[in-house]
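Reader: I would like to work through how to read a structure, one feature at a time. Please give the general idea where there is one, and then the case at hand.

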Amino acid sequence: MTNKSLLWAIPLLAILFLNSCSHYETYAEQKEKETKAVRQFLADRNINVISEADFHSNGRTTDVSKNEYVLFASSGVYMQIVRQGCGSIIKDGETCTVLCRFSERNILTDSLILTNDVLSYSSVVDKMSVRRTSDTFTASFIAGESLMYTAYGSASVPPGWLAPLLYINVGRPEKDGDEIAKVNLIVPSAQGTQSASSAVYPCFYTITYEKGI
C-alpha cells in the first residue's frame, strides 16, 4: 500500500472500528455523545457562535478576528467564512464544476480522517459537479477526480459541504489580490458523509472552493 493510500486507509479502519462498537450504544446515546463533543469543541476553540439573524444583519459575514461561526439551526452546521472569495455566487439554474481542497477531522476522536491539502497531494483537487435550483444546491463528486469519492466509494457530497454556497463567491483568481473562498465547518453526522451518518460522529472541515474550467 502506498503512503498516499495509508493517509486515508488507516483513519477509515478506525471509523469502521468505531462503527462496530456503536452497536453497544443506542442511537440516542450516540447522538448525545455527538452533541457533547461538539459543545466541547466549541469551548476548546473559544468559538463565538452567532445566530442566523446576526449573520444576515452583518452582511452575511463572520468576523474571523472574533472567531465567529454562524449556526444554521435547521441543519446544525456551524460555518465560519475565512475568505469570501473572488468571482460571484453560483447563479440560480447554473451547473458548474467546483474544485475543493479540504481537511476532514473526526471531532469525537480529534483525529485527521482525510485531506488533499498536503504536499503529497499538491496536484490533486477534488472535483464536484454542482447544480443550483432556487436556494437549493445538489452536487456529486466526479469519479477518478476526487479523493472523497475514492475514500468513501460514493459520489454523494456531504450536505454540510454545500451549506456555504449561498454565501461565498466561487470563481477563479484573475488578478493580483484575488483569492478563492475558504470556510471552516462543523458538520454533524446527519449532514456529513455516509460513514459519519452511520457511525454518528461530527466532523470539522476546512475547505476551499474554486470554479473549475
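Author: Start with strand pairing. In this predicted model, strand β8 and strand β9 (residues 203-211) pair in the antiparallel sense over 7 bridges. One point to look at is V187, which stands opposite C203 in β9.

Reader: Which strand is joined to β8 by 5 bridges?

Author: That is strand β3 (residues 77-83), and β3 and β8 run antiparallel. Here R83 stands opposite K182 in β8.

Reader: How many of the residues of strand β8 are buried?

Author: The general idea comes first. In a regular strand the side chains alternate between the two faces of the sheet. In this case, 6 of the 7 residues of β8 (residues 181-187) are buried, so the strand is largely enclosed by the rest of the structure. Buried here means under 20% relative accessible area. Over the whole protein, buried residues make up 43% of the 213 residues.

Reader: What share of the contacts in the protein with a separation of 6 or more comes from residues 24 or more positions apart?

Author: The share is 64%. The protein has 6 helices and 9 strands.

Reader: Which residues have the most contacts inside the largest nonpolar core?

Author: Again, the general idea first. In soluble globular proteins, nonpolar side chains tend to be buried together. In this model the largest nonpolar core has 41 residues, and those with the most contacts inside it are V98, M128, W161, L165, L185, I207 and Y209. Take M128 as an example. Leaving aside its neighbours within four places in sequence, M128 is in contact with C96, T97, V98, C100, A139, S140, F141, I142, V157, W161, L162 and Y209. Another core, of 10 residues, lies apart from the largest one, and its members include F41, I47, I186 and F204.

Reader: Let us move to pockets. What is the volume of the largest pocket, and which residues lie nearest its centre?

Author: The volume is about 250 Å³. Of the 15 residues that line this pocket, F72, S74, S75, L162 and A163 lie nearest its centre. Helix α5 (residues 159-162) gives the most to the lining, with 3 residues. By class, the lining of the largest pocket divides into 9 nonpolar, 4 polar and 2 charged residues.

Reader: Which helix contributes the largest share to the lining of the second largest pocket?

Author: That is helix α2 (residues 27-44), with 5 residues. The second largest pocket has a volume of about 170 Å³. Its lining consists of K31, E34, T35, V38, R39, L71, S75, G76, Y78, I186, P188 and A190. These comprise 6 nonpolar, 3 polar and 3 charged residues. I186 was named above as a member of the core of 10 residues, and S75 among the residues that Q191 touches.

Reader: Where is the place of D110, and is D110 buried or exposed?

Author: D110 is in the loop between β4 and β5. Its relative accessible area is 54%, so D110 is exposed.

Reader: What does L108 touch, leaving aside its neighbours within four places in sequence?

Author: L108 is in contact with K33, A37, V200, Y201 and P202. It is found in the loop between β4 (95-106) and β5 (111-115). At 33% relative accessibility, L108 counts as partly exposed. L108 and K36 are 72 residues apart in sequence and 9.3 Å apart in space, C-alpha to C-alpha.

Notes:
Residues numbered from 1 in each chain as written. Predicted model: local features only at pLDDT ≥ 70, side-chain atom pairs only at ≥ 80, totals over all residues. Heavy atoms only, no water. Buried < 20%, exposed > 50% of the residue type's maximum accessible area, 1.4 Å probe, protein only. Helix = DSSP H or I, 4+ residues; strand = E, 2+ residues; numbered from the N terminus. Pairing = 2+ DSSP bridges. Contact = heavy atoms within 4.5 Å. Core = buried A, V, L, I, M, F, W, Y, C linked by side-chain atoms within 4.5 Å. 1 Å grid on protein atoms, 1.4 Å probe; cavity = no way out; pocket = protein on both sides within 12 Å on 5 of 7 lines; lining within 4 Å. Points joined across faces, edges and corners; volume = space filled by probe spheres on them. Nonpolar A, V, L, I, M, F, W, Y, C, P; charged D, E, K, R; others polar.
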